[in-house]
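Trainee: Can you walk me through this one? I'd like to go over rings first, then helices.

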Amino acid sequence: MNYLVAVLSDRIQAEAAYLDLEKEGINSSILGRGYKTADEFGLIDPKEEATKQARFMAFWLVPFGFFAGATFSLITGLDTFAWAGEIGNHFIGGLLGAGSGAMGSVFVGGGVGLVSGGGDALPYRNRLNAGKYIIVVQGSETLTRQATRILRQFDPENIQGYAETN
């Protein structure tokens, strides 16, 4: 399945492009104010996905980190915090291990993507939030090429093709 995504500056352009595509028998979707939202269309929110992945990783890494930290403290016999006593040292070692597990879940689980954003979904969402309209065409490569010719007449801000890989 191939996708063609075109960003148009206003509603009138988007509707005209949609009608021209429809005349040629090409099904398309309009995203924007008054039409489908990014969520209704299925445009993934990268921040939501990164948060979900980081939480999933934390579910496993924080307890593992606690036990690894406590075990390390127990094996080495380090007396890093003399004021805490022997059991307190092992508990603090566990807490430090749990903290390391939490940091690992953020970095490995998608926290970097959460901070920096990723993929093309975020720029398209930003354009929708800015009041722009997006036309999406799904179909074969021939269909998306035909749609590209039609959409170029409307001088889109951006036009991008994507091929779904399995």
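Mentor: We'll take aromatic pairs, then a helix contact, then one serine.
Mentor: This is a predicted model, so to speak of ground rules: local features need pLDDT of at least 70, side-chain atom pairs count only at pLDDT 80 or more, and totals for chains, interfaces and linings use all residues. Residues are numbered from 1 along each chain as its sequence is written, and side-chain values use heavy atoms, with hydrogens and water left out.

Trainee: Fine. How many aromatic pairs does the structure hold?

Mentor: Five. Rings of Phe, Tyr and Trp (its six-membered ring) pair if their centres lie within 6.5 Å; planes under 30 degrees apart are stacked, over 60 edge-to-face, the rest tilted.

Trainee: What kind of pair do Phe-59 and Trp-60 make?

Mentor: Their ring centres are 5.1 Å apart and the planes sit at 85°, so the pair is edge-to-face.

Trainee: And Phe-66 with Phe-67? What's the geometry there?

Mentor: Edge-to-face, with 5.7 Å centre to centre and 85° between the planes. Ring pairs also link Phe-66, Phe-67 and Phe-91 into a cluster.

Trainee: Is Phe-66 buried, exposed or partly exposed?

Mentor: Partly exposed, at 24% relative accessible area. The scale: buried is under 20%, exposed over 50%, partly exposed in between (1.4 Å probe, protein chains only). Phe-67 is exposed at 56%. Phe-59 is exposed at 58%, and Trp-60 is exposed at 55%.

Trainee: Switching to helices. At what angle do helix 1 and helix 7 pack?

Mentor: About 140°, with the axes 10 Å apart; helix 1 is residues 11-23 and helix 7 is residues 141-152. That makes helix 1 oblique to helix 7. Under 35 degrees is roughly parallel, over 145 roughly antiparallel, 65 to 115 roughly perpendicular, and the rest oblique. Axes are lines fitted to C-alpha atoms over the stretch in contact, with angles from 0 to 180 degrees between N-to-C directions.

Trainee: Which residues make the contact?

Mentor: Ala-17, Asp-20 and Leu-21 from helix 1, and Ala-147, Ile-150 and Leu-151 from helix 7. Contact means heavy atoms within 4.5 Å.

Trainee: Last one: where does Ser-28 lie?

Mentor: In strand 2, residues 28-31. Helices (H or I, at least four residues) and strands (E, at least two) are DSSP runs, numbered from the N terminus.

Trainee: Is Ser-28 buried or exposed?

Mentor: Buried, with a relative accessible area of 13%. Leaving aside neighbours within four places in sequence, Ser-28 is in contact with Tyr-18, Leu-21, Ile-135, Val-136 and Val-137.
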